[in-house]
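Morning, everyone. Let me put the model on the screen, and then we will walk through it.

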Amino acid sequence: MKQKIFNFFRFLKNTNNALLCKTLWEVEYRCGRWDYIDQSMDMNTHSVLTDFVCGDVLDVGCGTGNFVSNFDSTQYTTYTGIDLSHYAVARAKKLFDSKNIQFVQGDALSYSYGSQYDVIFAIEIAYYFYPDKHITFIDQYIDLLKENGKLILRIWNKTKFSALLDDLVNYPGSKNTEIIPLSEEAILVVLNK
Ligand SMILES: C[S@@+](CC[C@H](N)C(=O)[O-])C[C@H]1O[C@@H](n2cnc3c(N)ncnc32)[C@H](O)[C@@H]1O
């Protein structure tokens, strides 16, 4: 029953109505739907991702911030995590309290950033903007990169999201696009500015 409700939520999220999406994410976090992501990132993904960590890092759709837990703090100058969910951001702030780490609540599609970044991670978020807003999302975050910066997207199921993957592979704003397999289905897409 719970699963059916969450599937319905997923369907509603595809309407891309900002207020509705925010409410649904908030309800899901409060119901424990995403508790598992605190520990879920496999070590293979972590080790591949940490190789890209440098300078000023932005983590879009950071959830509860589990990704920063395995970073070596000497590898980056600043880490900023942004997420739509107040609940997730409050939890992240409680878990990771450090001078060069900050978490902000905001909508990735409309938030005004005051800086540019060396590397931007978008881990399991881009498909929530498919099919209408994913290119706007990519354009916006490529713009936020410093010269030669990287936008790194993780997609857990390349078959299910093959249409999105095609658009990423053919994205014209990337000098060179790399696909890094993480498992049979999970991949990283690296867009280079
Ligand atoms: C599947 S979770 C992934 C969380 C985290 N990146 C990870 O891999 O553990 C997707 C996250 O994206 C966030 N999200 C969805 N739409 C968003 C938006 N428009 N702006 C910011 N965050 C958003 C959700 O609140 C959720 O925390």
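Start with H1. H1 has 12 residues and reaches 16 Å from its first C-alpha to its last. That is close to the 16 Å expected at 1.5 Å a residue. The expected span here is 1.5 Å times one less than the number of residues. A word on names: helices (H or I, at least four residues) and strands (E, at least two) are DSSP runs, numbered from the N terminus.

Two housekeeping points. Residues are numbered from 1 along each chain as its sequence is written. This is a predicted model, where local features need pLDDT of at least 70, side-chain atom pairs count only at pLDDT 80 or more, and totals for chains, interfaces and linings use all residues.

Back to H1. How many of its 12 residues are buried? The count is 0, and H1 is hardly covered. Buried means 20 or more other C-beta atoms within 10 Å of the residue's own; exposed means 12 or fewer; partly exposed is in between; and C-beta atoms are placed from the backbone.

Now the partner. The axes of H1, residues 2–13, and H2, residues 18–30, come within 9 Å and cross at roughly 155°. Axes are lines fitted to C-alpha atoms, for helices over the stretch in contact, and angles run from 0 to 180 degrees between N-to-C directions. So H1 is roughly antiparallel to H2. For the cut-offs, under 35 degrees is roughly parallel, over 145 roughly antiparallel, 65 to 115 roughly perpendicular, and the rest oblique. The crossing of H1 and H2 is left-handed. That means the near helix is turned anticlockwise from the far one by less than a right angle; clockwise would be right-handed.

Which residues meet? From H1 come Phe6, Phe9, Leu12 and Lys13; from H2 come Leu20, Cys21, Leu24 and Glu28. Contact means C-beta atoms, placed from the backbone, within 7 Å. By class, the H1–H2 contact has 6 nonpolar residues, no polar ones and 2 charged. Ala, Val, Leu, Ile, Met, Phe, Trp, Tyr, Cys and Pro count as nonpolar, Asp, Glu, Lys and Arg as charged, and the others, Gly among them, as polar.

Next, H2 against H5. They pack at about 50°, axes 8 Å apart. H2 and H5 are therefore oblique to each other. H2 brings Glu26, Tyr29 and Arg30, and H5 brings His86, Tyr87 and Ala88. The classes in this contact are 3 nonpolar, 1 polar and 2 charged.

Zoom in on alanine 88. Alanine 88 sits in H5, residues 86–95. Is it buried or exposed? Buried, because 24 other C-beta atoms lie within 10 Å of alanine 88. Setting aside residues up to four places away in sequence, alanine 88 touches Tyr29, Gly63, Thr64 and Asp83. Tyrosine 29 is 59 residues away along the chain, yet the C-alpha atoms of this pair are separated by 6.9 Å.

On to glycine 65, in the loop between S1 (55–60) and S2 (76–83). Glycine 65 is buried, with 23 other C-beta atoms within 10 Å. Beyond four places in sequence, glycine 65 contacts Gly81, Ala92, Leu95, Phe96 and Phe103.

Now the loop between S4 (117–123) and H6 (134–143), where we find proline 131. The peptide bond from tyrosine 130 to proline 131 is cis, omega near 10°. Glutamate 124 lies in this loop too. Its phi is near 60°, a positive value in a residue other than glycine. Glutamate 124 counts as partly exposed, with 16 C-beta neighbours inside 10 Å. Isoleucine 125 is also in the loop between S4 and H6. Isoleucine 125 counts as buried, with 21 C-beta neighbours inside 10 Å. Outside four places in sequence, isoleucine 125 is in contact with Val60 and Gly61.

Another positive phi: asparagine 148, about 65°, and not a glycine. Asparagine 148 is in S5, residues 145–155. Asparagine 148 counts as exposed, with 9 C-beta neighbours inside 10 Å.

Last stop, asparagine 192 in S7, residues 187–192. Asparagine 192 has 16 C-beta neighbours inside 10 Å, so it counts as partly exposed. Leaving out residues up to four places away, asparagine 192 touches Lys150, Ser174, Lys175 and Asn176.

Definitions and conventions
Contact = placed C-beta atoms within 7 Å.
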